[in-house]
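Take a moment to look through the model below before reading on.

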Amino acid sequence: MSQIIPAMTPKIVLEGVSYCYPDPSASPVYALSSLTLEVEAGDFLCILGPNGSGKSTLGRLFNALLLPTEGSVQVDGMDTRNNAFLWKIRTRVGMVFQNPDNQIVGTIVEEDIAFGLENLGIPPIEIRARVDWAMEKVGISSYAKHPPNLLSGGQKQRVAIAGVLAMKPSYIVLDEPTSLLDPKGREEVLGTIQELHGEGIALILITHRMEEAMLASRLLVLEKGEAAFLGSPAQLVEEDELLRHAHLELPPAIRLAQLLRGGGIPLPPFLSRPEELTRTLCALKRST
Amino acid sequence: MRIEAEHLTYIYGPGLPWEKRALDDVSLQFEEGEFVGLVGETGSGKSTLVQLLNGLLRPTSGRVLLDGVDLADKRTPIWKARLQVGLVFQFPESQLFAETVAEDIAFGPRNLGLSRQEVAKRVEESLLKVGLEPARFGQRNPFTLSGGEKRLVAIAGILAMCPRVLIVDEVTAGLDPRGKRDILTRIKLLHRNERATVIMVSHDMDEIASLVERVVVLKSGRICRQGPTREVFSDEESLAGCGIRLPTIPQILSSLVKAGWRLPVSIFEVREAARLIAQEYHHGPV
């Protein structure tokens with residue numbers, strides 16, 4: 001009976017989730033405690049917080065790589081603790097890790113992307129179509145026959161994303177996908193991420209970079225395994241106290257905009273990108 | 001210590017089908033006590049250059065002089081050069097191996113044949129230099145530390161050799177904002193208090209702009225631009241030609257200048273930039 005998927009509710013629901021790493025010697029260490037959270041279809045949630053605050057643990061709870069010690073995680077109505085749903089859940093919720101080298105298995109790019117699909121027993125014609133589609137989406141079609149180890153970091157990370165994308169997930173969890181990349185690679189990957197969001201895939205982005213966080217629609221700040229903030233980027237930039245004790249530093253463009261507003265320039269309350277700031281400044285000046 | 005690189009060329013796999021000229025006739029100097037940023041796209045030759053500077057790689061042609069002494073001179077043992085030029089690799093914490101922090105840092109000085117007291121003194125001093133309390137951290141297992149702390153321990157291990165030049169390659173990569181700030185503060189203090197020559201390799205132009213006095217830009221194994229930080233970060237186009245973007249604040253200023261605002265580009269301080277922009281906004285021509 002457990003094979004039957006409950007009535008379709010297209011969202012991930014975390015209810016009172018705690019996770020405790022087993023520690024044989026000492027008292028248990030809670031990486032996450034009583035977290036309640038929903039990620040809806042098409043959402044773009046970013047998870048921030050210092051090292052050790054529970055970000056990666058939370059990321060791994062979304063697709064049953066870890067199971068909650070207390071509380072429950074439901075993916076489209078399927079409880080991650082129910083083993084019968086494991087494969088369904090893993091196809092719905094894709095994972096992209098920090099280091100693409102740890103995730104790439106194929107000897108050439110297109111084989112690597114096909115790997116997950118082959119394991120699901122999908123017919124070859126469909127595999128071909130999905131691999132081509134995924135490569136196209138992340139902009140790597142021209143390296144289809146290249147060995148992945150000869151690609152740049154940004155290209156490799158996009159291969160890893162294509163591999164996940166080919167599974168046609170509804171959600172993708174990205175755990176610091178740009179932290180090992182150079183500026184060019186980071187830009188490529190961020191472009192791809194935004195493209196995916198445009199396709200209607202819900203994204204959960206774990207990052208330390210505030211510039212990236214500002215792209216999301218919602219932000220969750222974790223501190224010692226607890227939610228210290230959940231809200232929009234525009235709300236977070238106003239939370240001086242929280243930013244200080246969570247050691248989060250606003251991107252230079254946002255700090256500049258805040259100072260300019262303080263200096264009597266009627267800028268809108270939230271401008272996340274440098275281009276937006278210069279465009280708005282020019283428009284305001286023309287109208288004075 | 002003064003470092004001179006003369007006509008350095010380095011070729012990986014000479015004569016092989018995948019032969020790669022990583023550095024191509026590069027000449028440059030680093031003066032005593034200077035804080036220099038070394039930047040360039042991935043594959044531009046930054047890491048090859050810093051490995052040549054401390055003798056980890058031998059140049060295919062050209063030479064490196066440390067205070068006038070040729071690194072390739074057979075009469076000066078190569079390990080002596082390595083002692084003087086401390087190189088902190090990318091992800092140096094992966095090289096930690098001992099059971100305690102103090103043991104790990106003591107490894108290098110002990111191999112120099114220093115006395116037990118001298119080794120202990122160096123361990124303590126280098127922990128203090130990176131801002132880790134010796135009594136609190138000395139006996140900890142390095143693997144129980146946070147990412148940022150591990151990296152500080154790895155840097156302390158290099159400092160225990162008392163190098164006269166410190167080279168750090170992507171030293172903040174992958175750290176959280178707090179770890180990043182701690183490491184950069186420590187490096188800034190080392191430069192200021194110990195008057196060490198520091199060469200910093202980084203992809204983060206905001207980081208470079210806020211710290212260094214001079215910038216060297218590499219592209220395809222050659223020097224593409226070099227000069228005082230403000231000068232190098234004043235011209236968006238020529239920098240773009242080297243595959244490098246301006247730091248965030250100069251980028252914004254540069255776009256405003258293109259739209260007809262009268263502003264300098266090479267300002268790195270947010271407050272200073274805000275003051276200048278506000279002034280031009282209220283009083284400048286439309």
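This is a predicted model: local features need pLDDT of at least 70, side-chain atom pairs count only at pLDDT 80 or more; totals for chains, interfaces and linings use all residues.

Helices (H or I, at least four residues) and strands (E, at least two) are DSSP runs, numbered from the N terminus. Strand 4 (residues 61-66) and strand 5 of chain B pair in the antiparallel sense over two bridges, where pairing requires that DSSP finds at least two bridges between two strands. They belong to an open sheet of four strands in chain B, with the order 2-1-4-5 and antiparallel pairing. Strand 2 (20-30) and strand 5 (69-70) of chain B stand at the edges of this sheet, each with a single partner strand, so one side of each is left without a neighbour there.

Another open sheet of chain B has six strands in the order 6-7-8-3-9-10, with mixed pairing. Here strand 6 (85-88) and strand 10 (222-228) of chain B are at the edges, and because each has a single partner strand, one side of each lacks a neighbour in the sheet. Within this sheet, strand 3 (residues 35-40) and strand 9 (residues 214-219) of chain B run parallel and are joined by five bridges, and B:Val39 stands opposite B:Val217 in strand 9 of chain B.

Turning to the helices, helix 6 (residues 147-159) and helix 7 (residues 177-194) of chain B pack at an angle of about 20°, with their axes 8 Å apart; axes are lines fitted to C-alpha atoms, for helices over the stretch in contact, and angles run from 0 to 180 degrees between N-to-C directions. That makes helix 6 of chain B roughly parallel to helix 7 of chain B, since angles under 35 degrees count as roughly parallel, over 145 as roughly antiparallel, 65 to 115 as roughly perpendicular and the rest as oblique.

Finally, 28 residues of chain B are in contact with 30 residues of chain A, contact meaning that the C-beta atoms of two residues, placed from the backbone, lie within 7 Å. On the side of chain B that touches chain A, the largest share, seven residues, comes from helix 12 of chain B.

Note on methods
Residues are numbered from 1 along each chain as its sequence is written. Chains are lettered from A and ligands numbered from 1 in the order in which they are written.
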